Amino acid sequence: MLKILYVCLGNICRSPIAEGTMRDLIAKKGLSHKIFVDSAGTANYHIGKLPDLRTRQNAETHGINLTHSCRQIDIQDFLDFDYIVSMDTNNLADIQVLSLIAFGKHQPEESCFLLRKFDLESNQTDSVPDPYYGTKDDFENVYQIIKRSNEAFLNWIAKKHEY
Ligand code: 4NP
């Protein structure tokens, strides 16, 4: 099973959307038996909570039901997951610091990267903006960025792993 972990700060807005949209895309391609997805936060503020209500309501408008229970990234995740996909540059930096402390080295760029590396409408170093203090439109914008990035990411995975 190929395993993908999406990471943001709080694990209640962006990474649960990434997890939910990717699970849906994977199911539509008939690849649910081959690819597992999960999400986590770098922070511990919201452990055990459902995704933010605004995130869930936005996802519902796109037919996606989010039931993830917030958790914090753990060093075991570096061993368990094939791809660790960050929403923004701060998350990526924090993950690499954690890896350095735990294992004495950074995670390779091939397996630990920004989601928008796959966004055909941005350059490869853009972050998914944090919508936490934003408006309804900001949540929709985040949804669209994540969805289209995941479509390209899944196409890339299907080619690379010959699914
Ligand atoms: P997320 O958004 O990282 O996309 O889940 C946030 C959620 C909570 C907070 C910040 C960002 N917070 O400060 O509690």
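**Figure 1. Arginine 54 and its partner aspartate 52.** In this predicted model, arginine 54 counts as partly exposed, with a relative accessibility of 32%. Its salt-bridge partner is aspartate 52, and the closest N and O atoms of the two residues lie 2.8 Å apart. Aspartate 52, by contrast, counts as buried, because its relative accessibility is 14% and the cut-off for a buried residue is under 20%. Side chains of opposite charge can pair in this way when their charged atoms come close.

**Figure 2. Arginine 148 paired with aspartate 119.** Arginine 148 and aspartate 119 form a salt bridge in which the closest N and O atoms are 2.8 Å apart. This pair links distant parts of the chain, since arginine 148 belongs to helix H5 (residues 136-160) while aspartate 119 sits in the loop between strand E4 (112-114) and H5, 29 residues apart. Arginine 148 is partly exposed at a relative accessible area of 24%, whereas aspartate 119 is buried at 3%.

**Figure 3. Arginine 148 paired with glutamate 121.** Glutamate 121 also forms a salt bridge with arginine 148, with 3.6 Å between the closest N and O atoms. Here too the pair links distant parts of the chain, glutamate 121 lying in the loop between E4 and H5 and arginine 148 in helix H5, 27 residues apart. Glutamate 121 is exposed, with a relative accessible area of 60%.

**Figure 4. A network of salt bridges around these residues.** Arg116, Asp119, Glu121 and Arg148 are linked to one another in a network of salt bridges. Across the whole structure, a search finds 10 salt bridges.

Terms used
Residues numbered from 1 in each chain as written. Predicted model: local features only at pLDDT ≥ 70, side-chain atom pairs only at ≥ 80, totals over all residues. Heavy atoms only, no water. Salt bridge = Lys/Arg side-chain N within 4 Å of Asp/Glu carboxyl O. Buried < 20%, exposed > 50% of the residue type's maximum accessible area, 1.4 Å probe, protein only. Helix = DSSP H or I, 4+ residues; strand = E, 2+ residues; numbered from the N terminus.
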